[in-house]
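Have the model open in a viewer as you read. The text walks through it piece by piece.

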Amino acid sequence: MEKLSDPGKTAETIKKYDFCFRKKFGQNFLIDARVLEKIIEGAGVCKDDMVLEIGPGIGTLTQYLAEAAGKVVSVEIDRNLLPILEETLAPYDNVKVISSDIMALDLKKLIGEERQSLAHVKVVANLPYYITTPIIMMLLEQDIPVESITVMVQKEVARRMNSGPGSKDYGALSLAVQYYARPYLAANVPRNCFMPRPNVDSAVIRLTKYETPPVSVSDPVLMFDIIHAAFEKRRKTLVNGISSSQRLDISKAAAAKAIEEAGFAPAVRGEALTLEEFARLADIISAQREKETR
């Protein structure tokens with residue numbers, strides 16, 4: 001069967017089924033074989049893998065995944081694509097398509113039912129831009145047996161996930177992702193590799209999940225509250241960001257004392273701190289609170 005990575009085949013398939021792209025689902029289909037090969041290579045997909053794919057579209061990436069993986073489970077929210085997928089994936093007996101919203105599924109249960117004896121579970125997807133961050137954070141935060149997440153995302157989002165202290169792209173998303181996983185930028189993808197062509201360039205990023213987080217912190221929720229407060233208004237100093245956060249409910253004096261105890265300059269900004277330093281600050285604030293309640 002002719003692959004859907006051929007732009008002519010994609011156009012022919014869309015026309016045959018009179019398919020209309022739905023903006024609310026952020027549908028942009030890949031039409032570049034080299035990019036698809038880079039995704040498979042970047043994800044390290046092999047026959048020992050069960051791959052969970054989110055948003056298969058008409059099955060372009062799914063075809064490549066099916067040839068590389070032991071099994072592919074693809075979750076598609078748009079019911080109008082189901083008849084197309086039935087045709088384009090017909091040659092592959094190791095693919096299962098589930099009609100659902102990925103955010104509504106019990107993924108731990110699904111993986112338990114579908115992985116069979118396969119050694120590894122990997123997520124590979126061309127994610128819709130409008131829901132990229134919620135999907136990634138759900139996959140990272142939930143207790144599901146996924147080893148890695150390799151996704152096509154907006155280039156700017158990939159940079160943010162992969163950034164370190166001092167960069168203009170560094171922020172709460174960088175720290176949240178890097179607490180759970182090690183990011184690796186696998187490929188940059190220009191907008192002309194899609195149909196229809198989006199307004200922005202994309203990138204493929206692989207997030208390899210840690211078995212245990214790279215930093216130890218007594219209260220991860222408090223740490224992320226501090227991180228969000230630090231980056232909510234980037235121009236604010238860390239002490240002002242923390243003390244003005246309703247979520248934290250900490251006085252400016254207490255925030256200043258904690259920052260000093262952590263060894264930071266009084267006018268330090270959040271963008272200068274590493275994940276380990278945010279963890280240290282969170283432990284100090286946590287200890288302050290314990291003293292106050294005694």
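Threonine 208 lies in strand 9 (residues 202–209). Leaving aside neighbours within four places in sequence, threonine 208 is in contact (heavy atoms within 4.5 Å) with Glu147, Ser148, Tyr180, Ala181 and Arg182.

This is a predicted model, in which local features need pLDDT of at least 70, side-chain atom pairs count only at pLDDT 80 or more, and totals for chains, interfaces and linings use all residues. Residues are numbered from 1 along each chain as its sequence is written, and side-chain values use heavy atoms, with hydrogens and water left out.

Now the sheet. Helices (H or I, at least four residues) and strands (E, at least two) are DSSP runs, numbered from the N terminus. Two strands pair if DSSP finds at least two bridges between them. Seven strands form an open sheet in the order 4-3-2-5-6-9-7, and the pairing is mixed. Strand 4 (95–99) and strand 7 (181–189) stand at the edges with a single partner strand each, so one side of each has no neighbour in the sheet. From one strand to the next, the twist averages 20°. Strand 3 (residues 71–76) and strand 4 run parallel, joined by five bridges. Glutamate 76 has serine 99, in strand 4, as its bridge partner.

Next, the helices. Axes are lines fitted to C-alpha atoms, for helices over the stretch in contact, and angles run from 0 to 180 degrees between N-to-C directions. Helix 5 (residues 107–114) lies across strand 2 (49–54), strand 3, strand 4 and strand 5 (120–126), and runs at about 140° to strand 2. Helix 8 (residues 172–180) and helix 9 (residues 220–232) have axes that come within 9 Å and cross at roughly 155°. The two are therefore roughly antiparallel, a label for angles over 145 degrees. In their contact, Ala172, Leu175, Ala176 and Tyr179 of helix 8 meet residues of helix 9 including Met223, Phe224 and Phe231.

Glutamate 67 lies in helix 3 (residues 60–68) and lysine 3 in the segment before helix 1 (7–16), so the pair links parts 64 residues apart in sequence. The structure holds 13 salt bridges (a side-chain nitrogen of Lys or Arg within 4 Å of a carboxyl oxygen of Asp or Glu).

Two backbone details remain. Most residues other than glycine have a negative phi, and most peptide bonds are trans. Glutamine 116 is not a glycine, yet has a positive phi of about 55°. Glutamine 116 sits in the loop between helix 5 and strand 5. The peptide bond from methionine 195 to proline 196 is cis, with omega near -10°. Proline 196 is in the loop between strand 8 (194–195) and strand 9.

Notes:
Angles under 35 degrees count as roughly parallel, over 145 as roughly antiparallel, 65 to 115 as roughly perpendicular and the rest as oblique.
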